[in-house]
Structures are given as C-alpha cells and as structure tokens.
Amino acid sequence: MLQGDRYSPEFEKCWQLLLTGQGLGDCYLEGTNQKISELLQPSWDLIKCARCQIPIPMKVTGVEHTACVCSDMADLPNFDLPSPHLPVSSRDYLFKICSDLIKKNEE
Ligand SMILES: [Zn+2]
C-alpha cells in the first residue's frame with residue numbers, strides 16, 4: 001500500500017476509483033460489515049481497532065457494531081510489523097524540526 005513517503009500508484013488508482021463511486025455497488029472490505037459507498041458518507045468516521053490499530057469504521061451518531069479486518073486474521077495483531085500509518089516524508093519531518101528550532105531560537 002505504501003511506497004516510501006507516499007501511497008503506491010496501485011493504491012492511488014484504487015482510491016481514485018473508490019472516490020468516483022463508479023462500479024462500487026455492494027463492495028465492502030473483507031471482514032467488515034459496511035459497504036465502501038456507505039463509508040464514504042459523512043455519517044461514518046474511522047477509529048483505530050483496539051486490538052491491532054487498523055482503522056475501523058464507526059458511525060458518527062449512535063452505537064453500531066464495528067468489525068475490523070483483523071477479526072478473521074489469525075496472524076493479527078502482529079507487533080513485529082509496523083503498525084498502520086500514513087505515508088511518512090522524512091524530508092517534511094526534518095523540515096518541521098528545522099523550522100521548530102528556528103522558531104525556538106527566535107523566542
Ligand atoms: Zn483489528
């Protein structure tokens with residue numbers, strides 16, 4: 001899914017397809033109960049699964065049973081693997097440290 005400091009082209013292609021909503025029909029992520037088209041609605045939010053940290057859907061209002069893809073996977077959680085995360089740009093991270101240091105010096 002990730003490629004260095006960004007999402008892989010395959011993931012981006014898949015994500016763009018999801019955003020168009022074309023041909024989604026009743027597609028859902030295996031191990032979850034909500035259709036992808038439902039999850040793209042503002043009534044859904046993503047929280048981290050308490051067991052494995054994979055983002056799972058939660059209805060913004062009211063209580064709904066939330067399933068995580070890890071519920072069907074015997075090898076999750078695996079704490080030897082990096083936990084789910086957004087792409088990390090070392091360059092942006094270092095730039096932020098640098099600008100924080102400059103700000104601190106100016107105080
Ligand atoms: Zn999980």
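Colleague: Where does Gln53 lie?

Modeller: Gln53 sits in the loop between β3 (44-48) and β4. Helices (H or I, at least four residues) and strands (E, at least two) are DSSP runs, numbered from the N terminus. This is a predicted model: local features need pLDDT of at least 70, side-chain atom pairs count only at pLDDT 80 or more, while totals for chains, interfaces and linings use all residues. Residues are numbered from 1 along each chain as its sequence is written.

Colleague: Why does Gln53 count as partly exposed?

Modeller: A residue is buried if 20 or more other C-beta atoms lie within 10 Å of its own, exposed if 12 or fewer, and partly exposed in between, with C-beta atoms placed from the backbone. Gln53 has 16 C-beta neighbours inside 10 Å, so it counts as partly exposed. Gln53 also has a positive phi of about 75°, although it is not a glycine.

Colleague: And what makes Pro9 exposed?

Modeller: Pro9 has 9 C-beta neighbours inside 10 Å, and therefore counts as exposed. Pro9 belongs to helix α1, where the count of buried residues among the 12 is zero.

Colleague: What joins Leu76 and Pro77?

Modeller: A cis peptide bond, with omega about 0°. Pro77 is in the loop between β4 (55-59) and α3 (90-106).
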